[in-house]
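Trainee: Please show me how to read the features of a model like this one, a few at a time.

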Amino acid sequence: MTLDLAAHLVLREHRPDAGLGLLGGPLAAHTRSLQHRLAARTPYPRLVQMFRGGPPRYSLFALPGADERANVVEYFVHHEDVRRAQPGWEPRKVDPGLTEVLWDRLRMARFVLRKAPVGVELARDDQAEPARPGGPRVRITAKARTPVVTVTGPPAELTLWVAGRTAAARVRLDGGDEAIAALSGAHWGI
């Protein structure tokens, strides 16, 4: 698993032509082929070394600020992929600063969940509803449609759920039985 993950991370930083295929669509097969070849021909320690070395100068990820903006969710999700693949895992305490960054990035859920068969609202359960207008947001409408399913959890778990790690994310789904079944049967992910 970590060999494929290392190849994926190196590929996205070193091969701009493969980047679009990471989002699916017609270039996905090309990207998968490149990733499999990279993993097959490059020893794991070398992949780790390439990743630790950071993106090459010509990479979009080398632009100032691009690395953090593009990678915080990616790295968080993959870190949890590895942690949660172990027996007996438990969610970890996430730094409050990272929690807020993940919550802010969940605005992108509108894009990821655009093809969801029902409406989706994300609700964080680590903060109370604001007592006054203009208080901190604790809900995001990811897809405005009825019926709606509310997915509730802390931002870290909501991030994993939106990223397609629905079996590993510790969230609660609230709504009608049919709507929950439709959403639970849908596939998406980043």
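**Reading burial, packing and rings**

Mentor: Buried means under 20% relative accessible area, exposed over 50%, and partly exposed in between, with a 1.4 Å probe and protein chains only. This is a predicted model, in which local features need pLDDT of at least 70 and side-chain atom pairs count only at pLDDT 80 or more, while totals for chains, interfaces and linings use all residues. Residues are numbered from 1 along each chain as its sequence is written, and side-chain values use heavy atoms, with hydrogens and water left out.

Trainee: Where does Leu34 lie, and with which residues is Leu34 in contact, leaving aside its neighbours within four places in sequence?

Mentor: Contact means heavy atoms within 4.5 Å. Leu34 lies in helix H3, residues 28–41. Leaving aside neighbours within four places in sequence, its contacts are Leu11, Arg15, Asp17 and Ala18.

Trainee: How many helices and strands does the protein chain have?

Mentor: Helices (H or I, at least four residues) and strands (E, at least two) are DSSP runs, numbered from the N terminus. The protein chain has 9 helices and 4 strands. From the N terminus on, the order is α-α-α-α-α-α-α-β-β-β-α-β-α.

Trainee: Which residues of helix H9 are buried?

Mentor: The general idea comes from the helix repeat. An α-helix has 3.6 residues a turn, so residues three or four places apart point the same way. In helix H9, residues 177–185, the buried residues are Ala179, Ile180 and Leu183. They cover an arc of only 100 degrees around the axis, which puts them on the same side of H9; the arc is that of the directions from the helix axis to the C-beta atoms. The face turned away from that buried side carries the exposed residues Asp177 and Glu178.

Trainee: What do the buried residues of H9 pack against?

Mentor: They pack against strand E1 (119–124), strand E3 (148–153), helix H8 (155–162) and strand E4 (172–174). Pro155 has its place in H8 and is buried, with a relative accessible area of 0%. Leaving aside neighbours within four places in sequence, Pro155 is in contact with Thr99, Leu102, Trp103, Leu106, Arg124 and Asp126. Pro155 and Arg105 are 50 residues apart in sequence, and 9.5 Å apart from C-alpha to C-alpha.

Trainee: How many aromatic pairs does a search of the whole structure find?

Mentor: A pair of aromatic rings is described by the distance of the centres and the angle of the planes. Rings of Phe, Tyr and Trp (its six-membered ring) pair if their centres lie within 6.5 Å; planes under 30 degrees apart count as stacked, over 60 as edge-to-face and the rest as tilted. The search of the whole structure finds 1 pair. The rings of Phe51 and Tyr75 have centres 5.5 Å apart and planes at 80 degrees, so the pair is edge-to-face. The pair links distant parts of the chain, with Phe51 in helix H4 (residues 44–52) and Tyr75 in helix H5 (residues 66–84), 24 residues apart. Phe51 is partly exposed at 27% relative accessibility, and Tyr75 is partly exposed at 28%.

Trainee: Which ring does the charged end of Arg170 sit over?

Mentor: A charge sits over a ring if NZ of Lys or CZ of Arg is within 6 Å of the ring centre and within 35 degrees of the ring normal. For Arg170 the ring is that of Trp89, at 4.5 Å from its centre. Arg114 lies over the face of Phe111, 4.3 Å from the ring centre.
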